[in-house]
Amino acid sequence: MESRRTPLYDLHVALGARMVEFAGWQMPVQYPQGIIAEHQHTRSKASLFDVSHMGQVRVTGAGRAASLEALVPADVAGLKPWRMRYTMLTNDKGGIIDDLMVLNADSHLFLVVNAARRDIDLQRLAGLADAVATELADRTLIALQGPAAAAVLARQAPGVENLPFMGAGEFAIDSVPVLVTRSGYTGEDGFELSAPAADAERIARRLLADADVAPAGLGARDTLRLEAGLCLWGHDIDETTTPVEAALEWTIQKSRRESGTFPGADIVRRQLAAGPKRRRVGIKLDGRVPAREGTPIADDRGAPIGTVTSGGFGPTVGGPIAMGYVYAAHATTGKAVTLVVRGAAHKARIVELPFVQHRYFEGRGR
Amino acid sequence: MSEQRYSKDHEWVRVDGDIATIGISDYAQKQLGDVVYVELPAKGKQVERGAEACTVESVKAASEVYSPVAGEVVEVNAALNDDPAIVNTDPVGKGWFIKVRMKDKNEFTALMDEGAYAKYVAGLE
C-alpha cells in the first residue's frame with residue numbers, strides 16, 4: 001500500500017527532512033540539524049512537530065460522555081467544557097487497545113488517537129451506544145512544544161497563554177480557525193493545533209518564522225517522550241498490558257474505579273487492590289551502552305525479571321535510559337538490575353519516572 | 001598521504017605498511033545520525049573479512065561495522081569512548097574505529113577507490 005502524505009509533506013522536504021515510513025505515513029524522522037539538536041532545542045526554546053498522522057475523531061450525540069465511558073476507564077462525564085484527559089480504550093482483559101486524548105469540546109468530544117490504531121479504534125468507537133464517532137479527515141495536527149511555545153503562539157493567537165495545562169479553546173491564526181489544546185508528548189509546556197489541512201503549511205510557516213522555533217522530527221519526539229516517561233503504544237503498552245501494570249492508574253478517576261463499568265474493570269480493580277504481577281518502571285544504566293527494546297532485564301544475581309520496552313539515549317539525561325516491565329517485587333526505586341546487551345551484562349538501576357522533570361504550565365485554573 | 005578505499009557496507013580503509021585503519025564513511029555517519037556509543041573489539045582480536053568488528057549506536061538504533069579486511073586488531077580508538085560524536089564530526093579522520101594487521105593486502109586493493117565509491121553512493125540516492 002502506498003504510504004500517505006500529511007498536509008506538511010512538501011514543507012518537510014523543503015526543510016531538508018529525512019522522510020521515513022511510519023504507521024503508513026511518510027514522516028520526517030529528522031531535519032539536517034539532527035535528533036540531538038532538535039531535542040535540545042525543544043527543551044530550551046520551542047519546536048514544531050507535524051503530528052498530522054494521528055487520528056482526529058469527533059464524537060457527537062447527547063449520550064456521548066456516558067457512551068464513551070463504556071469503552072474507557074476515565075471520568076468523561078465529569079470533564080468540564082474545554083478540559084481534556086489522557087485515557088485508553090481497554091479490552092475485556094483490561095489490555096490497552098490504544099491510548100488517546102479526550103477533550104470536552106462543549107458541543108462534542110474531540111479525540112486524538114494513534115495513527116497505527118486509527119482503524120481499530122474507529123471500529124471500537126462504532127459500537128458507542130448512544131453517540132456517533134466520525135473521523136475528521138482533511139485536518140492537520142501541529143505540535144508546538146517547549147518553554148518558549150506559549151510566547152510564540154501568543155504572538156499568533158493572543159489568549160492561548162492563559163489556557164491551563166490540559167485545557168483547550170478555539171482561536172484564529174491568520175484568520176484560520178484553530179482548535180488549540182495545551183498538551184503534548186515531550187514533558188514540556190506546549191500546544192497541539194488542529195486546523196484545516198488546506199491551511200496547514202501557512203500556519204506551520206508562520207510559526208517557523210519565529211526565531212525561537214525550529215522543526216523537529218519523530219526521532220526527537222521519541223527521545224523527548226522517553227525522557228518524560230510517556231508510553232508509546234505498541235512498545236510500552238499494548239493489548240496485553242493493563243493500565244495498572246503500565247503505572248497509568250492515575251488515569252482512572254475514583255468514580256470509575258467505584259462504578260467499574262469499563263471493559264476489563266474486574267481485572268483492573270483486582271490489580272488496583274492487590275497490586276499487579278509486573279510493573280512498568282524507569283531504568284537508568286550506569287555506563288554508556290544504550291539498551292534497546294527487547295533487552296532482557298535480570299536481577300543483580302542474573303535471574304530474568306523482565307524486558308525493556310523502550311530504550312535509547314536521553315540527550316538531556318546525557319546517557320542511556322530505558323523503560324520496561326519487571327516483576328512487582330523488583331519495581332522499587334534504587335533496585336540494582338542488569339541489562340544484557342550483545343551478550344554482556346551492564347549494571348543499571350530502577351529509577352523514578354520521568355527521567356526529566358515535566359515542566360507543564362502550572363498557572364491559572366488548576 | 002595513503003590511498004583510501006571503501007567497502008559496500010560504507011567502511012573506509014587506509015593502509016600504512018600492513019596496518020589497515022578502518023572507519024565509516026561520511027555517507028554512513030549521515031545515515032546513522034548522532035552517534036552516542038561505539039562498542040570496540042578487544043586488542044588482539046582476530047577479525048575475518050566482512051565479519052562484524054564493532055557496533056555503532058546512534059540515537060535511533062544499533063548498527064554493525066564490518067571489517068573489510070581480515071587480520072588482528074592492534075589498536076582501537078579509545079577517544080570514541082569519551083566522545084563518540086567524533087564519528088559524526090570527523091568520520092574519515094579522528095573518527096576512525098580500529099587498526100588491523102592485515103593477513104592479505106590484496107583484500108585492500110579489491111575495495112572500491114574514491115571514484116568508484118562516489119558512484120556507488122550516488123546510485124543509492
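The buried residues of helix H5 of chain A pack against strand E4 (46-50), strand E10 (139-145), strand E13 (190-196), helix H6 (200-208) and strand E14 (213-215) of that chain. Keep in mind that this is a predicted model.

**Helix H5 of chain A**
- H5(A) covers residues 149-156, and its buried residues are Ala149(A), Ala150(A), Val152(A) and Leu153(A).
- Look down the axis of H5(A) and you'll find these buried residues within an arc of 165 degrees, so they line one face of the helix.

**The two domains of chain A**
- Chain A comes in two parts: domain 1 takes in 1-228, and domain 2 takes in 277-351.

**A stop at Arg349(A)**
- You'll find Arg349(A) in strand E20 of chain A, which runs over residues 344-351.
- Arg349(A) has 14 C-beta neighbours inside 10 Å; buried takes 20 or more and exposed means 12 or fewer, so Arg349(A) counts as partly exposed.
- If you skip its neighbours within four places in sequence, Arg349(A) is in contact with Lys284(A), Gly334(A), Lys335(A), Ala336(A) and Val337(A).
- Met166(A) is another story: Arg349(A) and Met166(A) sit 183 residues apart in sequence and 32 Å apart in space, C-alpha to C-alpha.

**Chain B**
- Chain B has 5 helices and 9 strands.
- Starting from the N terminus, the elements of chain B go β-β-β-α-β-β-β-β-β-α-α-β-α-α.
- The radius of gyration of chain B is 13 Å, close to the 14 Å that the globule rule gives for 125 residues, so chain B is as compact as a globular protein of that length.
- Along the principal axes, the C-alpha atoms of chain B fill a box of roughly 35 × 35 × 25 Å.
- Out of the 125 residues of chain B, 40% count as buried.
- Among contacts in chain B with a separation of 6 or more, 64% are between residues 24 or more positions apart.

Technical notes
Residues are numbered from 1 along each chain as its sequence is written. Chains are lettered from A and ligands numbered from 1 in the order in which they are written. This is a predicted model: local features need pLDDT of at least 70, side-chain atom pairs count only at pLDDT 80 or more; totals for chains, interfaces and linings use all residues. Helices (H or I, at least four residues) and strands (E, at least two) are DSSP runs, numbered from the N terminus. The radius of gyration is taken over C-alpha atoms; the globule rule is 2.2 Å times the number of residues to the power 0.38. Two residues are in contact if their C-beta atoms, placed from the backbone, lie within 7 Å. Domain bounds come from an automatic or database domain assignment. The arc is that of the directions from the helix axis to the C-beta atoms.
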